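Please keep the sequence and the three-dimensional view at hand while reading.

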Amino acid sequence: GSAWAEHCGDVPLSPPPVVFYGASGYAVALRDLIDGWQPLPLARVVAYIDDFRGDDGEAIDGVPIVSFGTWRASLRDIPIFVIIGSPSARRTLVERVSGAGGRFASFYRIASPIARDVVVGEGTMILPYASIGASTVLGRHVHVMPLVSIDAECTIGDFTTLCPSSTVYGRVVVEDGVFIGVGARIVNDSDGILTVGAGALI
């Protein structure tokens, strides 16, 4: 489930802290989205981890960019969200954080048009304006971006990325580590199950 109370209908009195692993434009865009989450921001970014720019005195809007070593030494009690688009790179960083004893944040809110019985794995995000049908299962560290549409009874594997305006329709099993690009459509109009193999780029 989510590290935050938002998914079960409770609104925290103040946004909980989170560390982003990644300091690219993708990270800044996500920060802006969670800052604007209604009725309160979903989280408060207190540091960005960057393996190349960390601890060089850089900051994003006043929030420091730190090294992995600095996070491990002084920020390890704060959950991390790995904000990397590449499924394989995301898996590598998740394994690194897990090995160092870190834990993970998730970002989502179960409200229409997201079905109430959707199962969401650790470290996964569902951004606003996504639509997810009943009995769908999202694995660990899945990125569901705005305007994504996932039909009922689908399974989305760990570390999969669904880019904006992509569609998964019909009974579909997406295995681990798949990258579904902007506007891509996976349509199964048969009575059986369509499987998208692990690591596919669509």
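**A buried glycine and its surroundings**

Gly121 has a relative accessible area of 14% and is therefore buried, the cut-off for that term being under 20%. The model discussed here is a predicted one.

**The place of Gly121**

- Gly121 belongs to the loop that runs between strand S6 and strand S7 (125-126).
- When neighbours within four places in sequence are set aside, Gly121 is in contact with Ser106, Leu138, Gly139 and Arg140.
- One of these contacts, Leu138, is 17 residues away from Gly121 along the chain, and the C-alpha atoms of the two are separated by 5.9 Å.

**The chain as a whole**

- The protein chain contains 3 helices and 18 strands.
- Its radius of gyration is 17 Å, close to the 17 Å given by the globule rule for 202 residues, so the chain is as compact as a globular protein of that length.
- Along the principal axes, the C-alpha trace of the protein chain spans about 55 × 35 × 25 Å.
- Of the 202 residues in the protein chain, 48% count as buried.
- The protein chain exposes about 8,900 Å², and carbon and sulfur atoms supply 53% of this area.
- The protein chain carries 14 positive and 21 negative charges, and the mean positions of the two groups are 3 Å apart.

**The nonpolar cores**

- In soluble globular proteins, nonpolar side chains tend to be buried together.
- The largest nonpolar core in this model has 25 residues. Those with the most contacts inside it are Ile126, Leu138, Val144, Ile150, Leu162, Val168 and Ile180.
- Apart from this core lies another one, of 20 residues, including Ile34, Ile60, Ile83 and Leu127.
- Which residues does Ile150 touch, not counting those up to four places away in sequence? They are Ser131, Ile132, Gly133, Thr136, Leu138, Ile156, Leu162 and Val168.

**Further buried positions**

- Val174 is placed in strand S15, and its relative accessibility of 1% makes it count as buried.
- Beyond its neighbours within four places in sequence, Val174 is in contact with Thr155, Ile156, Gly157, Thr160, Ile180 and Val196.
- The C-alpha atoms of Val174 and Pro164 are separated by 17 Å, the two residues being 10 apart along the chain.
- Val178 lies in the loop between strand S15 (172-174) and strand S16 (179-180). With a relative accessible area of 0%, Val178 is buried.
- The contacts of Val178, leaving aside neighbours within four places in sequence, include Pro87, Phe159, Thr160, Val196 and Ile202.
- Gly197 is also in contact with Val178; the two residues are 19 apart along the chain, and their C-alpha atoms are separated by 7.6 Å.
- Asp50 is found in the loop between strand S2 (44-49) and strand S3. At 13% relative accessibility, Asp50 counts as buried.
- Not counting residues up to four places away in sequence, Asp50 touches Ala23, Ile65, Val66 and Ser67.
- A separation of 13 Å lies between the C-alpha atoms of Asp50 and Val97, which are 47 residues apart along the chain.

**Backbone features**

- Most residues other than glycine have a negative phi, and most peptide bonds are trans.
- Asp61 is not a glycine, yet it has a positive phi of about 50°. This residue, Asp61, lies in the loop between strand S3 (59-60) and strand S4 (63-66).
- Is Asp61 buried or exposed? Its relative accessible area is 63%, so Asp61 is exposed.
- Ser135 also has a positive phi, near 60°, and is a residue other than glycine. Its place is in the loop between strand S8 (131-132) and strand S9 (137-138).
- With a relative accessibility of 42%, Ser135 counts as partly exposed.
- The peptide bond from Ser112 to Pro113 is cis, and its omega is near 10°.
- Pro113 lies in the loop between helix H3 (87-99) and strand S6 (119-120).

Notes
Residues numbered from 1 in each chain as written. Predicted model: local features only at pLDDT ≥ 70, side-chain atom pairs only at ≥ 80, totals over all residues. Heavy atoms only, no water. Core = buried A, V, L, I, M, F, W, Y, C linked by side-chain atoms within 4.5 Å. Buried < 20%, exposed > 50% of the residue type's maximum accessible area, 1.4 Å probe, protein only. Contact = heavy atoms within 4.5 Å. Helix = DSSP H or I, 4+ residues; strand = E, 2+ residues; numbered from the N terminus. Rg over C-alpha atoms; globule rule 2.2 N^0.38 Å. Areas by Shrake-Rupley, 256 points an atom, 1.4 Å probe, with all protein chains shown as cover. Lys, Arg positive; Asp, Glu negative; His and termini not counted. Charge placed at Lys NZ, Arg CZ, Asp CG, Glu CD.
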